[in-house]
Amino acid sequence: MEGDLFTVALLSSGLRLATPIILAALGGAFCARAGVLNLALEGKMLLGAFVAIVATFYLGNTFAGIFVAMLLGGLLGYLFAFFYLRYQVNLIILALAINLLIGELTVYVMRVLFGNVGSWSDPSIQRLPDFEIPLLSSIPILGDILSGYNFIVYFSWVACIVGYIVLFHSKFGRHIRAVGENKQAAETLGINVRRVQVSAMVIAGMLCALGGAFLSVGHLSLFTRNMSNGLGWVAVTANIFGFQHPLGVLLTGYFFGLAEAFAVRIQNVTDLPPNLIQLLPQFATLAALILVALREKANLALIRRRFRRQLARGEMQSAAGD
Amino acid sequence: MRRDIVKAVLRRTPCGNLMANAVELRNITKYFPSSNVLANNDVTLSITEGEVHALVGENGAGKTTLMNIFYGLHRPDSGEILVNGQPVEIHHPDDAIKLGIGMVHQHFKLVPSFTIAENIMLGIEPNQYGMLKKKDEAEMVRQLANDFGLPVDPYARIRDLPVGMQQRVEILKALQREAKILILDEPTAVLTPQEVKELLAVVRNLAQRGRTIIFITHKLVEVKDVADRLSVMRDGKMIGTRTVAETSIPDMARMMVGRSVLLELDKKPATPGEVVFAADNITVTDASGLPAVRHISFSVREGEILGIAGVSGNGQTELVEAISGMRPVEGGTILFQGKDITRRTVGERRKQGMAHIPEDRIKIGLNLETNLDENLVVNRYKLPEFNRLGFMILSAMKRFAAFAVKQFSIAAAQPGEMIATLSGGNMQKVVLARELSGEPKFVIANQPTRGLDVGSIEFVHRSLVDVRDRQAAVLLISVELDEILSLSDRVLVMYRGTVAGEVDPTTVTKEEIGLLMGGSSLPGTATSAGSVQAVPKPQKEVVA
Amino acid sequence: MDNYHRQQRVNTFLVPLLAVISGLVVAAVLIIFTDNSPFAAFEELFKAGFGCSSLNRCAFFTTLERATPLMLTGLSAVVAFRSGMFSIGQEGQFALGALTAAWLGFALDLPPVVHAIVIMLAAMVIGGIYGWIPGVLKVKLNINEVITTIVMNEIAVLVLVYMVNFPLRADRGTTAYSPVIDETAKLMIFMPGSKWGMGFVIAIAAVLAVYFYLWRSAPGYEQRMAGQSSLFALFGGIRNDRAAIRGMFISGALAGLAGAIEVIGVHYRINQDFAPGLGFTGLSVAILGQVHPFGVFLVAILFAGVGLGAQLGLQINLGIPRELGGTVIALMILFVAAEKFYTDGISGLRERWAHFRGQKTAVELAMEERE
Ligand SMILES: Nc1ncnc2c1ncn2[C@@H]1O[C@H](COP(=O)(O)OP(=O)(O)OP(=O)(O)O)[C@@H](O)[C@H]1O
Ligand SMILES: [Mg+2]
């Protein structure tokens, strides 16, 4: 039994489950870098999940459905930005209100459209196809781990790498980081702070919506009430743990995904409690937060000690000089 | 210094086109509804091309606001702006930059984790298809720095740089954008004397290269040193523009403050008694961990006012915070009524009879979100009068508020009134009422009349002298020389975190004290000793 | 009082009113999509949420029952906010409080009343400690409390899921439930037909206690001053750090109590979805209630009533999905938070009106006042 726990399938299902987390956390990272705390990842993801499946149903094409979901996700990101920048709504309140609103509104619309149901699907809806990457898939074990997913999974990896390049090697990314670190510095140099922050939030909205779409038309092909089920909050945590860095987020997102996969696996294979595994990355995040804070504190104490030592020496010198 | 000014005037005479106005700000008005402040009230200002134009005025006079409007950071409620004779609309700093306007802000606007090159090139990055060309960028910065003789290391990170260097980056930022009109907002406030000297040389040099410079400062000596003309603002209004060469420093001061001398206070001679408070060799660091107060010693006796004069930013804030217990000291001891209180909390110090009138009544001295009653008891809510078994006695608080309103004539206020509805002068009276009633043994008064009208100033002065006459020890910190001289019984001058000297307020001349405030106590003393860290010396001689 | 302050004061009343109206207008649009008349729907919603046809068929009692946990989590947020801590950890503290109650409810063997009291105290201690931790982390290590409470919410919910599925699991059905608690642990119920009972009384007591604590006691005074202006508090001699940690402990205890009452007063056992969003709703209650205990009292009842009205009145009678209730609530929170939208609008209208009547604008008035 024990031997069956760690399999290639586990690693690859971890990658699959990590996809929505990685995408949303990447969106969160863009926002954080632009100086906006985005706690509405959950709501935006849920919107994406809902819109993707409904649009797929009406348009008859999964890709078109996903496209519409990303458009609406971007629009929600824009609304978020609008309320925050134009009317200076507290970011946390705004995010919680949006999460609540989307959570209720999606079910409301689902019931108005499709009758009183708790979850909805239609046989016409095609799940996004998986495909192998030609060369990669022929490598033994690695091919099994890295190949054979639908395009959203691959996209999430590419997005992180591109995100890294954009943030740290492009003009736009530098503006984002400047705005996030010192808004006024950017503003006084003629950078349009509003536009930069709005772009970051629209990007985040689209990424979250894509993550949500993965749930409803990529992984499964149905929508249920509160389908994101806290994954948006997991993404918030993954973003914190990944230090708002696109590559960091790729790793921590995978860590969280792997923990989920492991939990599922444990449940299927053994009688051991699965949820304790999911606690692992959460505790790791908390530990990382504390360690970083401790290091900062230690640094400060060091500076202070050094200064006091200098002071003591200085006093001795001047006393001798008198 | 004189010769510089003559030179500056001569410099432009042959050019002939010296009458061209580079900038004209006409009837600018700006009202801030959020703070209910009329920051600019019908302000008009003309700047000639190629001149160094000083803009002076007290804190809150509206200088920064005016320049922010000119730079596109604020929109005025009315008024118009002309650059080189053309009416212009400046909606955004981008517009200002395009018009050749550059601004070095009072509080630097740099991105700490970015390098010098990244900061200077922010917004105008050399790039290919949106991807940065980091090498070119550094090269361009190096080039620019050499052109202007302001060398920098393009790869150094801002957060590791001293203030003077950060300012240089700010100036380079403007020059890289080919600024023809350069605004410097209080550029010297944060610099060491050596750095100030260098900066003034840079300013002159830039003017010689045809840049127009608007130089905001509080320090009239600098105005004399570097400017061709000056304009004075007070309370949101433009008071007037003068030629520097024809205006004396006292005249400038009068224009700034709006009155020549303070009203004479009839105060009895002091009857100093025991030492109440003593600071022994204390050293304090500022928020960034740099030393702000170095090895200061002094003592205050009951029944006297000890004044601390000095230009703002010379460590007064940190000194007061350390004495009152809001900031830890790095070295030395503080004695209060003979007891060592160096490690005591604010609450414990206050309980023993320390009172504190802070420099910023809005942010520190008062809680604007609550009412008069609760503001008045923050230092006494634990006393049995106001507190029974952990419950506040509201009726006692109300009574105390009524008493304070009457005793300190806080106009238009009654118990339960929200503090935010009071005027500045009445807010300060609330602070005084809280700090001075209940017979404090030691009163720290830091800039107690900042931003007040003449009537309120008089009231504050009267109150401080009264509490001294009740045999309290008073420590008065002020940048207003007249205030220090008319109130204090003894005066220390603070400069760069140390005590530059002690003077007798009855005999000292303004010139003498001005020299001490400028750090050049003895003519001929070399100030080029290099880094500041080399300066500290224990001030044994001033221990009373 | 001058012109400026008079306007400020008017806005305090006008803004929430306009926000609620805006929420209802959007709701009306959503109702129209279902081919119902908005007015009929609102009437139905009101009757079902706040009406009372007879004593033992009284919807309002159910509303009060449902308002109870909202009141307590709302108070929890109030206490935290008022100490300057933006804690969003009510969710996790609620979950742990519920878990504690579900466990002690069958594990202890105590006489009636005593059993319930012990459970509630234990839940408060557990919740309190769970609030205290982020407080300490903030004060000692300067770790943002928003972030720690988010992570700790996740942890608490996972612990609850684990406990329900494994150590506390009572049966082998499809959904895991904890065992039903002992009769001795249950809180008294006033009216049959709803679970309205002792829990509500405790919540009212908590409203009053929080009010007295914050506005009448010295520690409460310290906490409010620290929350409103930490510099002022430091300057005045108040220990900001202690006030913040104390606030966080009390906040956690209240949320823990909410969880306990929900178990021993209403459900008597827990499943793994026991705390879906109740903590966050409590937070919204606090914000809409102007971060004041009495405001929380009213808004909690409003929220509960709208929710119940939407479920019974709209869904069952008119076929309008009950999620409309939650939607309206979310919109109201959003609109109240967008206060500036209304204040800008109001002052714009005022300026225009003044201009129309040839009166002076705010700038002109300010200039005149300073002559
Ligand atoms: N953004 C703002 N919102 C509200 N009030 C403001 C704002 N900016 C400035 N003020 C107010 O306008 C007044 C003028 O401020 P300003 O910064 O222009 O003064 P200043 O002359 O530069 O003073 P200082 O010498 O202290 O720099 C002050 O009372 C200030 O509080
Ligand atoms: Mg200024």
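At roughly what angle do the axes of helix α2 and helix α8 of chain A cross? The axes of α2 (residues 8-33) and α8 (residues 151-169) of chain A cross at roughly 20 degrees and come within 9 Å. That makes α2(A) roughly parallel to α8(A), a term for angles under 35 degrees. Here axes are lines fitted to C-alpha atoms, for helices over the stretch in contact, with angles from 0 to 180 degrees between N-to-C directions. Helices are DSSP runs (H or I, at least four residues), and strands are E runs of at least two, numbered from the N terminus.

This is a predicted model, in which local features need pLDDT of at least 70, side-chain atom pairs count only at pLDDT 80 or more, and totals for chains, interfaces and linings use all residues. Residues are numbered from 1 along each chain as its sequence is written, chains are lettered from A and ligands numbered from 1 in the order in which they are written, and side-chain values use heavy atoms, leaving out hydrogens and water.

Contact (heavy atoms within 4.5 Å) between the two helices involves residues including L15(A), L23(A) and F30(A) in α2(A), and F155(A), W157(A) and L167(A) in α8(A). The residues of this contact divide into 14 nonpolar, 3 polar and 1 charged. Ala, Val, Leu, Ile, Met, Phe, Trp, Tyr, Cys and Pro count as nonpolar, Asp, Glu, Lys and Arg as charged, and the others, Gly among them, as polar.

Elsewhere in chain A, L96(A) is in helix α5 (residues 91-114). L96(A) is buried at 8% relative accessible area; buried means under 20%, exposed over 50%, and partly exposed in between, with a 1.4 Å probe and protein chains only. Leaving aside neighbours within four places in sequence, L96(A) is in contact with W233(A) and with I88(C), F280(C) and L283(C).

Chain B supplies the protein donors of the magnesium ion (ligand 2), T64(B) through OG1 and Q106(B) through OE1, at 1.9 to 2.3 Å. Donors are N, O and S atoms within 2.8 Å of the metal (3.2 Å for Na, K and Ca); water is not among the atoms, so sites may look incomplete. T64(B) lies in helix α2 (residues 63-70) of chain B and Q106(B) in the loop between β6 (101-104) and α4 (116-120), so the pair ties together parts 42 residues apart in sequence. T64(B) is partly exposed at 25% relative accessibility, and Q106(B) is partly exposed at 27%.

Note on methods: Angles under 35 degrees count as roughly parallel, over 145 as roughly antiparallel, 65 to 115 as roughly perpendicular and the rest as oblique.
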